[in-house]
Amino acid sequence: MHDILLIAVYAFTGAAATGLVGAGVLRLIRRRSLTASLAVVAAVAVLAMLAGTLVVAWAMFLSPHDLSVVTTVVAMAAVVSLATALLLGRWVVARSRELAAAARSFGDSGDYAAPTTPATAGLDALSRELAATSARLTESRERERALETSRRELVAWISHDLRTPLAGLRAMSEALEDGVAADPDRYLRQIRTEVERLNDMVGDLFELSRIQAGALLLAPSRISLYDLVGDALAGADPLAREHGVRLVGDAVAAVPVEVDGKEMSRVLGNLLVNAIRRTPADGTVAVAAERSSEGVVVSVTDGCGGIPEEDLPRVFDTGWRGTHARTPPAGAGLGLAIVRGIVEAHRGRATVRNIPGGCRFEVLLPSAER
């Protein structure tokens, strides 16, 4: 037992000395290439084995012939091990260079093309992460381009919608100032109407800016959906009468929800105004509310005739308006964008789909805790 322990100590001493030298070399070349580091690691592993074996053989006082035999065998094994380690190291380095080249192209063009040559598990995992990052960046760029497009459209449409009432206000005010207005009272009523339109537009812009800036502060409380829809229907009734549209709200369940009453009233009001303005006279706008497996669904169904399929994904975009709604009083295309922003702030979802004769807007809200 004493001899075995002594042999172990000799072997450990020889291998440890080689390892310390290798660690020092690695520290000196830490800023060099991966190839140099792998070569040093392979050499240290082989030389540590060789040093330990030779120290033990020398300590055992073998005969010169036996010592030369042991040295030769160990040296040949070391040469083969070192050559194999260097070959494997070069293969790993080649794969890492391919991955580095792919990463550089990712940085230049924004698109990542994974190397086709098989690599180690670690490099393959890194390649998958880069591919996933590239996909996320591509989606982000697409969203940014879509957002920039909608912003440009919004600026153009807002400029148009502001210019028209401002020109009318200027003309009417000049007519009143010069005393050439045939019916001053009618002019004053029209001025008030245009000012209210401008005020609503500015209010929508302010609300949308708060939503997009993440500054929309909610004050949720437990409210009956029946009461919420009832108030929205009462508020939209004058506009419906003006357009000759029937409002129907018979399929509304008395379901409790945890929402900000003021903001959710705005959501329902925007959906109802949008539906009424796009439903022909003698048409019907129906509101329904019920529980579902995902929460509570509030739907507003109109008789607009449907939305082109290619436009459905853009309905809730900022500034979007259908081709038949490009002129006042259709608004600036902010109402549905505000709907989506408020609903998503409530951890809900707003969707739209075509149905025979019209379309249905649905708002999904989380159920209130019992």
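The legends below describe close-up views of a predicted model.

Residues are numbered from 1 along each chain as its sequence is written. Local features need pLDDT of at least 70 and side-chain atom pairs count only at pLDDT 80 or more, while totals for chains, interfaces and linings use all residues, and side-chain values use heavy atoms, with hydrogens and water left out.

**View A. Helix α6 and its bend.** Helix α6 covers residues 225-243, helices being DSSP runs of H or I with at least four residues, numbered from the N terminus. A bend of about 45 degrees occurs at aspartate 237, with proline 238 following within four residues; the bend is the angle between axes fitted to the seven residues ending there and the seven starting there. Just after α6, glycine 244 has a positive phi of about 70 degrees.

View B. Arginine 197 and glutamate 194 form a salt bridge at 3.1 Å, N to O, where the term requires a side-chain nitrogen of Lys or Arg within 4 Å of a carboxyl oxygen of Asp or Glu. Glutamate 194 is buried at 12% relative accessible area, whereas arginine 197 is partly exposed at 21% (buried is under 20%, exposed over 50%, partly exposed in between, with a 1.4 Å probe and protein chains only).

View C. Arginine 210 pairs with glutamate 263 in a salt bridge whose closest N and O atoms are 3.5 Å apart. Arginine 210 belongs to α5 and glutamate 263 to α7, so the pair ties together parts 53 residues apart in sequence. Both residues belong to a salt-bridge network that links Asp204, Glu207, Arg210, Glu263 and Arg266.

Conventions. Helix = DSSP H or I, 4+ residues; strand = E, 2+ residues; numbered from the N terminus. Expected span 1.5 Å × (residues − 1).
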